[in-house]
Amino acid sequence: MPVLIYTENAEGKFKKSTFEAVSYARAIADQNNTNLVAISIGDVSKNDLAALGKYGTDKVLNVSNAKLKNFINQAYASVIADAAKKEGADIVVLSNSFSGRGLAPRIGVKLQAGVAAGGVAHRILKP
Amino acid sequence: MKILVCISNVPDTTTKITFTDNNTQFNNNGVQFILNPYDEIALARAIELTDGGNGTVTVINVGEASTEPTIRKALAIGATDAVRVNAKAHDAWYVAAQVAAYVKANPFDLILTGRESIDYNGSKVAGMLGELLDLPSVSIIKKLDIEGGNVTVEREIEGGKEVLTIPLPIVAGTAEGVAEPKIPNMRGIMSARTKPLTVIEPVEVNTLSEIISYETPAPRGQVKLVAADDTAKLVDLLHDEARVI
């Protein structure tokens, strides 16, 4: 089951913090011997989406819709949670940005998943 | 207008944090507990919005009886009445689920939380409540005004702010700037003793996460100064000691 990373953009451009989050999600995917899928919402160029591969994504989903042009917590959380369900992801990673902090709790409730805010490391505990 | 303010009972900011039971529990021996400062901001704004008989402010806390002094402080500040869900606040999900159950039976026009509690800093309750109640939520706001049936908030974003106008009801997490915290006056303190504080039993909630252990941050090391032209030494230190290259 892959790891899903929400790659936040500002006016169609990924910020440094997004690439950092992708690298962190890649490390989690490696720990779990699984793939990393990115979900981007908004008008991001194909070149920029493809560049996520350099940071470790195996697949990129892009949702572009006029209704999603501006950040709306409820709508974005629905899109990301739907992507997680479709891809079968059991770990969803978001940047600890203002938007990420608003989205993570809603996604957690939708997926009935625990939410760990402000993570700095990720370890798998053996049962 | 009916406003609900979610309040939490948190360790005072000067508390020396220690853990017990093999670092699995927060050690609350001798700890002074206070009203979460961000919740005080939410409460102050709610009181301003309902000033002059324009509505009521209910505060809700998920906690055991030991939280009642904090609840009474919220009443002294100016809340109309209070509800305590008689349960330990296990985590943000548990708290959100309890509050949502209460709100489903008792709707409000506006639900406020602080942006985060100063103990766990999760910023989760506002978003979780919004999702559970199928309401818009804005997690970290710096300004909130109401006109007609709409609320206008300023949301903090990286390098700026975003202004949103949303029809009520919504859930919002307040940060600094929304209002100045109010100091209870003597009249408030006296009336807090007799204002209604209703205790309700919790609903069943599933567990989504578990805290395995706590640890305190490692103490900071001493600063090492490297001469500006000694790049070789800098590289060695970064590689061998800091292990960042």
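Modeller: Let's start at B:Lys143, which stands opposite B:Glu154 in E10(B). Please keep in mind that this is a predicted model, where local features need pLDDT of at least 70 and side-chain atom pairs count only at pLDDT 80 or more, while totals for chains, interfaces and linings use all residues. As for labels, residues are numbered from 1 along each chain as its sequence is written, and chains are lettered from A and ligands numbered from 1 in the order in which they are written.

E9(B) and E10(B) run antiparallel and are joined by six bridges. Helices (H or I, at least four residues) and strands (E, at least two) are DSSP runs, numbered from the N terminus; two strands pair if DSSP finds at least two bridges between them. Both strands belong to an open sheet of nine, with mixed pairing and the order E11-E10-E9-E12-E8-E1-E6-E7-E13 in chain B. At its edges are E11 (160-167) and E13 (197-200) of chain B, each pairing on one side only. From one strand to the next, the twist averages 30°.

Next comes a helix: H4(B) lies across E1, E8, E9 and E12 of chain B, at about 75° to E9(B). Axes here are lines fitted to C-alpha atoms, for helices over the stretch in contact, and angles run from 0 to 180 degrees between N-to-C directions. Residues are in contact if their C-beta atoms, placed from the backbone, lie within 7 Å.

H4(B) also meets H3(B): their axes come within 9 Å and cross at roughly 45°. The two helices are therefore oblique to each other (under 35 degrees is roughly parallel, over 145 roughly antiparallel, 65 to 115 roughly perpendicular, and the rest oblique). In H3(B), B:Trp93 and B:Val99 are among the residues that meet H4(B), whose own contributors include B:Met128 and B:Leu132. The residues of this contact divide into 13 nonpolar, no polar and no charged. Ala, Val, Leu, Ile, Met, Phe, Trp, Tyr, Cys and Pro count as nonpolar, Asp, Glu, Lys and Arg as charged, and the others, Gly among them, as polar.

Finally, the contact between the chains takes 20 residues from chain B and 18 residues from chain A. On the chain B side, H4, E9 and E10 are the elements that give two or more residues, and H4(B) gives the most, with five. That side has eight nonpolar, eight polar and four charged residues.

Note on methods. Two residues are in contact if their C-beta atoms, placed from the backbone, lie within 7 Å.
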